[in-house]
Structures are given as C-alpha cells and as structure tokens.
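The sequence and the structure come first.

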Amino acid sequence: MDWKPDRKLKKAIYKQLAEYIENGIADGTFPPDRPLPSERSLATALNLNRSTVVNAYGELESMGLIERNRGSGTTISKDIWGTTKKRIPSWNRYIEAGSFLPSQIVTQKIRKEAVDHKLINLASGELSEELFPKSFLSEITSTRCFLGSIGYDHPQGNEILRNTITKHVRKYRGIETSPSSILITSGAQQALHLIIQCLLKPGDAIAIEDPSYNYNLPIFKSVGIQIHYLPVNKDGIDPEDIKSLYKKHRIKMIFLNPYFQNPTGYLLNKKKKEAILDISSKLGIPVIEDDPYSLTAFSGDKISTLKSMDRNGNVLYISSLSKIVASGLRIGWIIGPTSVIERLSDAKQQIDFGHSSYTQWIANDFLESQTFHIHIKGLIKELEKRRDRIILSLDTYLKDLVEYSLPQGGIHLWCKILKNYNEIQLLEESIKRGVIYVPGSTLGSKDGFVRFTFAREDEDSIAEGIKNFGEALKSL
Ligand SMILES: Cc1ncc(COP(=O)(O)O)c(C=O)c1O
C-alpha cells in the first residue's frame, strides 16, 4: 500500500488510513475480490502501531465497508459491490465536511458530562429548576385563553407579544421602540446567529470582548469572520481599544455583553457607555448589545442600556427570558431599525418559519402579569444568596488559591487560579470528584481562569462543589 500518514494534520492517523482505504474501495484500487492485508503486516509495511491499523479497520467495518472474518482475514464487504449494490455513506466524512462548525471538544465534553452523570453543575449558564417561576407559569397555562391562530404567525413573531415587549423594555430597560422594530427569536443565541449570518460576510472583521461568551462561538468561524479582541477589565472594555482595532483592521461590528457579563460579571459604567456610543457613531459601526442579565442587578437599580442612550440608531439590542424566567421557553428578541429587522426575520422564516406560538403566548402573559415583577424580585434575592455562598465557599476551601471580583448581578463568577495547573487535568480531577465548571480557555485568551455559574445549583450543592473543586486543585 503506497500511503504515508500526514503527521501535520489534526486528524488522527487511523482516520487518515481509514479514509485512504475508503477512497481506494470507491475508485477500485481495492477490489472486492482481493483481501486486505492483515493488521500486523499492514502495520509493519506502513511503519505504524498495530492498534492504528486495528482502529482503521474497525472504523471501516462499522461503516459496513469491510468484513473481518476469523480464518479468512479482512475483505471488502460484498454488500457494497455485490449483488445488493448497497453503499453506506461515509458519515464521518460528511460530519467533518459541513461548513457549520461543531463546538469545541471541551464544550461538548462538559455538556455531555453535565447531562450523563449527575455532577454538581457549576458549568451550565442557566437557572435551577427551583428558580423557574413554575407556579406562576402553570397558573397562566391553566387559565389563559389563546391569543389567536395556531397557524404560522407573523414573520417577526406574535404581534401581541411584540407589543408587550415594547412596554417591558420601556419599563425595565429604558428603551423606546415599537412592535415593528422587534423580532422574536429562539433565545439570544438565535439573535446572534441571525446577525452574524445576515449582516456580515466572509472576511469581515469584528470586535468581541476577551473573555466573553462569544470568544469561542463557532458561528463566527463558520461564516469566515475575522475576530479581534477587546480586553475586559473590572469595569468593562476600554473604548479607546475600539478605535485602535478600527484603525488596524477596519472592524465592522462590536459585540458587547455589558451588564454582569458572561463570564466576568463586569458592569460597564456610564462614562464608558457614552464613549462607546460616541465612537460607534463617529466610525459608523454598529454595536450589538447582548443583554440577557441586566434585570438581575442585586441592588435592584435599573441599568441604562446602550440602546436607551442611542440617539443615532447605532445599537442592535438583544435580550431573552432565558436567564430571568426559563431557558427552555426559548424566547429572545432583537430590537433595531425596521429594515434590519425585516432582513433578519426573512432569514428566520427560511430557517424555522417563526417561533412557536405557545411559548410566545406564555411569555406574553407572564410579562404582562403582576407576578413578573414579584418573580424578578424573588429571583434577585435567591441569586444574591447563591453568590454569597459561592464566595464563602471559595474563601473557606480555596483561601489564597483563587482571586475574583464580586459580581453585583448575573449568574457567573470568573475566578483566577493562583497556582500553575494543567487545565485538562484539573477538569478530569474535578469530574472524578463529582463537580463540573467551565475551563477559562473556552471563554478567553488568558491562562489560569475558571468560570463558576452559581444559579444552577442550590446553596449546599454550591458549597460541596467548590469543596470538591478545591480538593481536585490541591491534588494536582
Ligand atoms: C451573553 C450571552 N448571550 C447569549 C446567550 C444565549 O442565551 P439564550 O439563547 O438562552 O437566550 C448566553 C447564554 O449563556 C449568554 O450568556
């Protein structure tokens, strides 16, 4: 076999070999009447470990391309070229070929570990079951009369809900808008995807915060966007950095999550907000204000959003009910100029024909009800208690080993580890001890950080999780 592995490729060698043989089967290099070499002889001929050939043959066998029989060795499956003419697609090749990129391996691992094993979950960025307003919502679902048809709804989302959102954002976020400037999305996540896919093109440069939720979102790479970073300090980004990125890279958009940011918990101050708006309108580049957390301020003070201060129409405002009501409702929204909203809603129609009517009705009734305000007040109290508990636990179990700044809202705590450690090892050791969190490298460029979410577990579990994490860290 005339083949050599390419050791510079990220792809495992056994996969490269399997792909080579698969191509050979397809183009007739390996005809069905000739056996393939034994694992041992092929390994010797190609100077590989035997296990590499075993894995490659295993892969081809699982795809139905070869058969391994005791005694007669390895042959090409008769089903492919024989009478039945069946051919199994090379799913692996398809899986790797798509232009929509997968999440990072470590993100997939965290997601899987959190779901499959009952770990203390300091990783998932959402509220716990007890924090969802279940009794309020079930009251709504048991008594409500439906708002209308259950056919496809308006491309921008249910009009009654959009009307309610105009009142909601006026009251809670100081934003003046109208239903025609709103698009209902499947969470803030879809809002980000629509903006990236519809308003940017391959090669465009943009600025995001470092660290940030956006830091490793595969969608930017999937679409071929050049990402540049705005370092985040204790009170947010430095607006001057926007200017220098513009000078160097002609950035076309700025993505910010300015209130109780994921992951640092920072809050952008008023002066910086004014400076950012000023720069944005001088340069003529839009700011994407991603705001899922501003209602969770522990002080209860209303936060002025960039959108509420925007006089020139430079801000596209995104928010959702995920972090304040229930992530499973998948209700989010974008507020922006009508022409942009129409462009994005056309794309949403192409993707899913609009949002589910039921959750829009539920969201509408809850936002309209007196109980919404009561719920938010209760939620803030609970989140603050959990924030205090995580701080107490860090001070108890990880004294002198960590540094953090106290979040004044939101659900995340960004923690600097004051010890050299291997990120993968620490994650493995923590999982062994029953706790999971998000390693910092998935969210930012600086080494030595972890993100703990304190909304997903109750106070006692938070304490136990931090204790276990401390033991994992000390074991390294
Ligand atoms: C800053 C930020 N934006 C957007 C999202 C997406 O949230 P959702 O789609 O549930 O509204 C998240 C989720 O963690 C987030 O932290």
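## Domain layout

The centres of domain 1 and domain 2, taken over C-alpha atoms, are separated by 44 Å. The chain is divided into domain 1 (13-97), domain 2 (105-127 + 374-475) and domain 3 (145-369), with bounds that come from an automatic or database domain assignment.

The model is predicted: local features need pLDDT of at least 70 and side-chain atom pairs count only at pLDDT 80 or more, whereas totals for chains, interfaces and linings use all residues. Residues are numbered from 1 along each chain as its sequence is written, and side-chain values use heavy atoms, with hydrogens and water left out.

## The largest pocket

The largest pocket holds about 1,200 Å³ of space. (A pocket is an open set of points on a 1 Å grid over the protein atoms alone, where a 1.4 Å probe fits, with protein on both sides within 12 Å along at least five of seven lines; lining residues have an atom within 4 Å of a point. Points are joined across faces, edges and corners, and the volume is the space filled by probe spheres set on them.)

Its lining comprises 40 residues, and Thr107, Arg111, Gly125, Gln189 and Tyr213 lie nearest the centre. At least two lining residues come from each of α6 (105-116), α9 (187-199) and α10 (218-222); helices are DSSP runs of H or I with at least four residues, strands are runs of E with at least two, and both are numbered from the N terminus. Domain 2 and domain 3 each contribute at least three residues to this lining. By class, 16 of the lining residues are nonpolar, 17 polar and seven charged (Ala, Val, Leu, Ile, Met, Phe, Trp, Tyr, Cys and Pro count as nonpolar, Asp, Glu, Lys and Arg as charged, and the others, Gly among them, as polar).

## The second largest pocket

In the second largest pocket there is about 570 Å³ of space. Of its 23 lining residues, Asn233, Lys234, Thr264, Ser405 and Trp414 lie nearest the centre. Two or more residues come from each of β6 (226-233), β12 (402-404) and β13 (412-417), and β6 gives the largest share, three residues.

The lining has eleven nonpolar, seven polar and five charged residues. Both domain 2 and domain 3 give residues to it, so the second largest pocket lies between these domains.

## A helix pair

Helix α2 (residues 39-46) packs against helix α3 (residues 50-62) at an angle of about 120°, with the axes 8 Å apart. Axes are lines fitted to C-alpha atoms over the stretch in contact, and angles run from 0 to 180 degrees between N-to-C directions.
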